[in-house]
Amino acid sequence: MIEKSSLGSGGPQVGRLGYGAMVLEGYYGASDDDEAVATIHRALDKGITLIDSADAYGNGHNEELVGRAVKGRSDAFVATKFGIVFDPSEMGSDVPTGWGFSLKINGRPEYVRRSIDASLKRLGVDAVDLWYLHYPDPNVPIEETVGAMADAVASGKVRHIGLSNMTAEQVRRAHKVHSIAAVQYEYSLWRREVESSLLPTLRELGIALVAWSPLGAGFLTGTAPSLGPTDFRQYNPRFSASNLATNTSRFAGLIKLSDEFGITPAQLALAWLLNQGNDIFPIPGTRRASRVDENAGASEVRLSVEQLMLIDQAAPPGVAEGSPLV
Ligand SMILES: NC(=O)c1ccc[n+]([C@@H]2O[C@H](COP(=O)([O-])OP(=O)(O)OC[C@H]3O[C@@H](n4cnc5c(N)ncnc54)[C@H](OP(=O)(O)O)[C@@H]3O)[C@@H](O)[C@H]2O)c1
């Protein structure tokens, strides 16, 4: 079973390894709903209780799918997000991602109120365990958005508040309005900026870090994907043909290390993250139950000081080629 840790100081006990459900929406290849539900069930059976969704994934479909999977499962700890707007009739602020497209973000209190009701309905639950603002709205002070999220806590619709893709300063301001349990940010062996930019502030404030794309969107598993025409990773500069070739060569040492340690590359990537502190919660995604088993195995891996040093040398901060998202 997966070891538990508190999500933020004094927060709820949650399995240290979570499950990211975004991959079930076909962004990285086709997915089947029945298999998806079985995969989430396998995760829960393994003690992977933190199930991560968002209203943006599959434009609401992912929350319905997660709702179907967690029905009757009191062990599930359901996290979802709001703020990304696809409906052209909705207001929102344009946020360039640096990946060749912009996101429309709405953090207005009126939209916050409507979003939680819509998410609860799709998930089929009375309350969301952890509710994140997906991205900050540059035209709405974070205090206003979090104030409206706090109202959802007061009315029993949300148990804990989270933020995603925020700066340390935004987190500080938000935390003064309402206690923040967790901040979600990309963190893996090919994206380590958070170690110096955000993590020290989270630790000072007693906030957990939920690591998104902990397997580098599949790159760190050593199975470098050939991207189909609808694969969302085509927008990620790290997967462009030339950068992928460079990155494959730069990370070859890491893949070799996993072989030497007798674990899979995915297990090495996750075990390394789990070793960074019990306030770090990686949420790997997979469409396959067998890979849930493999990834869960990372929690059994104990890396020695020497092994950690070798990993650090093989994948130091900044080694990946290609700009990260936002
Ligand atoms: N807050 C945000 O802005 C944000 C952004 C991105 C992601 N997220 C969250 O983070 C979660 C995870 O991120 P992610 O899906 O982008 O990336 P990830 O978890 O780093 O990688 C997922 C990819 O790795 C593959 N994979 C998983 N386990 C494997 C294994 N053992 N061996 C080989 N391949 C394996 C999966 O393929 P198969 O399906 O074929 O196994 C999938 O293509 C998402 O589901 C989402 O909840 C949040």
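Tyr27 counts as partly exposed, because 16 C-beta neighbours lie inside 10 Å. The structure is a predicted model, in which local features need pLDDT of at least 70 and side-chain atom pairs count only at pLDDT 80 or more, while totals for chains, interfaces and linings use all residues. Residues are numbered from 1 along each chain as its sequence is written. Helices (H or I, at least four residues) and strands (E, at least two) are DSSP runs, numbered from the N terminus.

**Surroundings of Tyr27**

- Tyr27 belongs to the loop between strand 3 and helix 1.
- Leaving aside residues up to four places away in sequence, Tyr27 touches Met22 and Phe232; contact requires C-beta atoms, placed from the backbone, to lie within 7 Å.
- The C-alpha atom of Tyr27 is separated by 31 Å from that of Gly262, the two residues being 235 residues apart along the chain.

**Ligand shell**

- The ligand is surrounded by 28 residues, and the closest are Gly20, Met22, Leu215, Gly218 and Gly285.
- By type, the shell holds eleven nonpolar, twelve polar and five charged residues. Ala, Val, Leu, Ile, Met, Phe, Trp, Tyr, Cys and Pro count as nonpolar, Asp, Glu, Lys and Arg as charged, and the others, Gly among them, as polar.

- An open sheet is formed by eight strands in the order 3-4-5-8-9-10-11-12, with parallel pairing; two strands pair if DSSP finds at least two bridges between them.
- Strand 3 (19-20) and strand 12 (280-282) are the edges: each has a single partner strand, so one side of each is left without a neighbour in the sheet.
- Four bridges connect strand 9 (residues 158-164) and strand 10 (residues 180-186) in the parallel sense. Across this pairing, Leu163 stands opposite Val183, and Gly162 has Ala182 as its bridge partner.
- Strand 10 and strand 11 run parallel and are joined by five bridges, with Glu186 partnered by Trp212 of strand 11.
- Strand 11 and strand 12 are parallel partners over three bridges, and Ala211 stands opposite Pro282 in strand 12.

**Burial within the sheet**

- Strand 10 is mostly covered, with seven of its seven residues buried.
- In strand 11, five of its five residues are buried.

- Helix 3 (residues 109-123) lies across strand 5 (77-82), strand 8 (128-133) and strand 9, and runs at about 140° to strand 5. Axes are lines fitted to C-alpha atoms, for helices over the stretch in contact, and angles run from 0 to 180 degrees between N-to-C directions.
- Helix 10 (residues 265-274) also packs on the sheet, where it touches strand 11 (208-212) and strand 12, and its direction makes about 160° with that of strand 12.

**Helix 2**

- The buried residues in helix 2 (residues 61-70) are Asn62, Glu63, Leu65, Val66, Ala69 and Val70.
- Viewed down the axis of helix 2, these buried residues fall within an arc of 160°, so they line one face of the helix; the arc is that of the directions from the helix axis to the C-beta atoms.
- Cover for the buried residues of helix 2 includes helix 1 (33-45), strand 4 (50-52), strand 5 and helix 3.

- Most residues other than glycine have a negative phi.
- Asn59, although not a glycine, has a positive phi of about 50°. Asn59 lies in the loop between strand 4 and helix 2 and is exposed, with 12 other C-beta atoms within 10 Å.
- Ser213 has a positive phi near 45°. Ser213 sits in the loop between strand 11 and helix 8 (241-250) and counts as buried, with 24 C-beta neighbours inside 10 Å.

How values were computed:
Near = placed C-beta within 6 Å. Contact = placed C-beta atoms within 7 Å. Buried ≥ 20, exposed ≤ 12 C-beta atoms within 10 Å, placed from the backbone.
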